[in-house]
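I opened this notebook to record what I looked up, entry by entry. The sequence and structure come first, and my notes follow.

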Amino acid sequence: MHNITELIYRLAAEHTLSAEEYRILLTEISHAETELLARLARETKEAIYGNAVFIRGLIEIGNICKNDCYYCGIRKSNKNCDRYRLSAEDILACCAEGYDLGFRTFVMQGGEDGSFSDAFLVPLIETVKKNWPDCAVTLSLGERSPESYRALRHAGADRYLLRHETATKSHYEQLHPANLLWQNRMDCLHSLRDCGYQVGAGFMVGSPFQTTEMLADELKFIEAFKPDMCGIGPFIPHKDTPFRDYPAGSAEMTCLLLSCIRLIHPPILLPATTALGTLSENGREKGILAGANVVMPNLSPASVRKKYMLYDNKLSDGAESAQAKASLEARLAAIGCTAVVARGDIQK
């Protein structure tokens, strides 16, 4: 047996381990050692951000997508998906409501839909920044050209979330059709950084064919790329995808990885994702206690929330709803955290 406690303290001090040491940590860690890892992750987070948990208003602007990713419920081949696309007026109304509720970051997320062109997005972003200049705009709209990323950044977008899904090229090819290239995804991440965005990456935990060695490589990728944000969540199957019969990922492993990521890159903005809350009761709280410091309640119109179903049983109302902010604040207070609606930029 290896000395896992020694590895944990070394990770906290040096922010790096070898890929083999990460594999050993993920494989052999005990319950008591997991609690130690989470405590060190919380202390690391609190040294930078105190007890703040940043609240972002999530607006799912459309579920039309040209891609056919094997794990995703809004893949283009899913004929059972009830498609929608919000208008600019719809999106601005969500922002207005969110601002009145206290939100100071709006996250616009959607499928890769040609209708969300630069001609549509640039004036929309400019209007959001004009109407609510104290707010940050985060985009999560997939792979685009460097020219598009530059145009959206110039219009005022502050952050861009692009989950890489897996740092292993061969694994990426098992999760996607042949026209979607791992190298292009990586190139997009570097292009976003070159454009001056705060850049978010992220991966699925427990996706089909994933090994512990691959998870160790994810942590090495985070070490090397040092994203400003990292969205990780357990894989959850969707009934209308090729992966419908694969088992879901583990909430426990997700929380363990959250703690590792916090220690690798202490200032990182780390969401406790909806997938974690969907898979595990109080999953969001578990993620925060493991080192996360961001949650993204849903600001989308109530009429479309059930349509943005990336995986089965995705939470979109109740405590996941932006309108339930008081409930969210109470749940965070119960674990010693304060909901903060400031922009919440990374502290470097």
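What is the mean pLDDT of the protein chain? I found a mean of 92, with 94% of the residues at 70 or more, where pLDDT is the predictor's confidence in each residue, from 0 to 100.

I note that this is a predicted model, in which local features need pLDDT of at least 70, side-chain atom pairs count only at pLDDT 80 or more, and totals for chains, interfaces and linings use all residues. Residues are numbered from 1 along each chain as its sequence is written, and side-chain values use heavy atoms, with hydrogens and water left out.

Where pLDDT is low, the predicted coordinates should not be read in detail.

Then I turned to the strands, which are DSSP runs of E with at least two residues, as helices are runs of H or I with at least four; two strands pair if DSSP finds at least two bridges between them. I found an open sheet of six strands with parallel pairing, in the order β2-β3-β4-β5-β6-β8. Its edges are β2 (57-62) and β8 (229-230), each with a single partner strand, so one side of each is left without a neighbour in the sheet. Within this sheet I followed β4 (residues 136-140), joined to β5 (residues 159-161) by two bridges, and saw that L139 stands opposite Y160 in β5.

I also found an open sheet of three strands, again with parallel pairing, in the order β10-β1-β11, where β10 (294-295) and β11 (338-340) are the edge strands. Two bridges join β1 (residues 52-55) to β10, and I55 has V295 as its bridge partner there. Helix α13 (residues 325-333) lies across β1, β10 and β11, at about 160° to β1, the angle running from 0 to 180 degrees between N-to-C directions of axes fitted to C-alpha atoms, for helices over the stretch in contact.

Notes. Contact = heavy atoms within 4.5 Å.
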